[in-house]
Amino acid sequence: LRSGPAKTRLDSMTRIITYSLRLDGRNSDDYYKTIAAFADQWAAGATQTPASIITGFREFRRSHGEPDRSDAECAFELLALGVLLREHGREAARLPEWLAQALNLLVKAQERWPKLESTIKALRGWAGWLARRDGAERTACEDVDQLIVWLKANDDTAQARRLAQWQAYFANLGPRPARQVIAHSLALADSFSEASLGALGKYTTGVESFLAESAPHYRRRYDAEFVSRSRLEYHLGMLGAEILSRAYRQRFLAAKRKIVIVPPCMRAQPEEKCKAIQTPFGAKCQACTPSCRVHQITKLGEKRGFEVYIIPDELRVFGSGAGDGSLGVVGVACALTNWGGGWEADSMGIPAQGLLLDYVGCKYHWDEKGIPTDTNLRKLEEIVTGR
């Protein structure tokens, strides 16, 4: 399996929809060297100036009995705040309160009544279109409260919860110091935009053409906002997966039970032909197709002592009793969603490691028929074994 990516799924020249970590067409080894070096350089600078912001936030959390976080984690949270304000702040500020409440209700209804998922998603698509119909520009806005409302309305609850902790800190600081911190977060976003494009832009060359040619056709779909994310947000996700994996690394390695969760888009067979059986933790591969990447990861798990489950996007199945440190999770997901999953797992007390899909292709968002996706098995084995 360590050499198993030969005849990879790009042998047939898989269509690059937005990003690809496989510049040479074979594997994503080069990407993981690149993101590690970039994260080292970014963290070294971002945690230094002004250090008082991060120190103050960490002290604020400790004074309220909250678990401490590393400087790099806090710096990334500041960066995420700045990027989201820069990319969606104006749109968030224009979201009417009644429409935000309606979208929130639809998100909750989708969780409560999964059998009505398709109908509710259609309603979310129309409500989202109403929210965007004025054509809000991607312009920075400093209204953090409204950004949090917007994130909840778009079902980005992990990001909303994490940024709400910073908003509580801002309220403690007072208006003027809070504005200074927000200005710093926007400055971080501006410098990151330039630096990340130079270092990571080679992996996201397909995003601009997708935004110009395909994204407009999603305007009345529930995922229109999601598929319309900028290259900057892909780069933020790449950095986030690396920074958070480092932050949770030792806790993950100490966990006795390790689970790898993979998305349905990695299956070789379509859903109706896949023989995986449902379990309380997700679908379990039954080895119906030897060439299926999920099957290969499951076999690797049998060898290396980890379990593998297929789940779409729901981490709450691991919430009950999992926050005692005995469970560690590796989440395989695309660059836009992986870091949010890391925050969600952390909120449940579960140390997570993020592993990116090498490219996107699921039928839920990116391709009508679905393109089987893939990930780096060498990196997965390294993550789980610590070697």
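Visitor: Taking contact to mean heavy atoms within 4.5 Å, which residues is I383 in contact with, leaving aside its neighbours within four places in sequence?

Guide: With those neighbours left out, I383 is in contact with R249, F252, L253, V330, Q353, G354 and L355. This is a predicted model in which local features need pLDDT of at least 70 and side-chain atom pairs count only at pLDDT 80 or more, whereas totals for chains, interfaces and linings use all residues. Residues are numbered from 1 along each chain as its sequence is written, and side-chain values use heavy atoms, with hydrogens and water left out.

Visitor: Where is the place of I383, and is I383 buried or exposed?

Guide: I383 lies in helix α15, which covers residues 377–385; helices (H or I, at least four residues) and strands (E, at least two) are DSSP runs numbered from the N terminus. The relative accessible area of I383 is 6%, and I383 is therefore buried (under 20%, with exposed over 50% and partly exposed in between, for a 1.4 Å probe and protein chains only).

Visitor: How many Å separate the C-alpha atoms of I383 and G65?

Guide: The C-alpha atoms of I383 and G65 are separated by 31 Å, and the two residues are 318 residues apart along the chain.

Visitor: Which residues does L380 touch, then?

Guide: Not counting residues up to four places away in sequence, L380 touches V260, I297, L300, F306, V330 and L355. L380 is also listed, together with W42, M238, V260 and W366, as having the most contacts inside the largest nonpolar core, which has 107 residues; such a core is a set of buried Ala, Val, Leu, Ile, Met, Phe, Trp, Tyr and Cys residues joined through side-chain atoms within 4.5 Å.

Visitor: What gives the most to this core?

Guide: That is helix α3, residues 71–93, with 11 residues in this core. Apart from it lies another core, of 10 residues, and I259, I261, A345 and I350 are among them.

Visitor: Moving to the strands, how many residues of β1 are buried?

Guide: Strand β1 spans residues 257–262 and is mostly covered, since five of its six residues are buried.

Visitor: Which strands does β1 run alongside?

Guide: β1 pairs with strand β5, residues 327–333, in the parallel sense over five bridges, where two strands pair if DSSP finds at least two bridges between them.

Visitor: New topic: why is helix α6 described as largely enclosed?

Guide: Helix α6 covers residues 144–153, and seven of its 10 residues are buried, so α6 is largely enclosed by the rest of the structure. The buried residues in α6 are V144, Q146, L147, I148, W150, L151 and A153.

Visitor: And what covers the buried residues of α6?

Guide: The cover includes α3, α4 (97–112), α7 (157–173), α8 and α10 (224–227).

Visitor: You named α3 and α8 there; which residues meet in these two helices?

Guide: On the α3 side they are A75, L78, L79, L81, G82, V83, L85 and R86, and these meet V181, I182, H184, S185, L186, L188, A189, D190, F192 and S193 in α8.

Definitions and conventions. Contact = heavy atoms within 4.5 Å.
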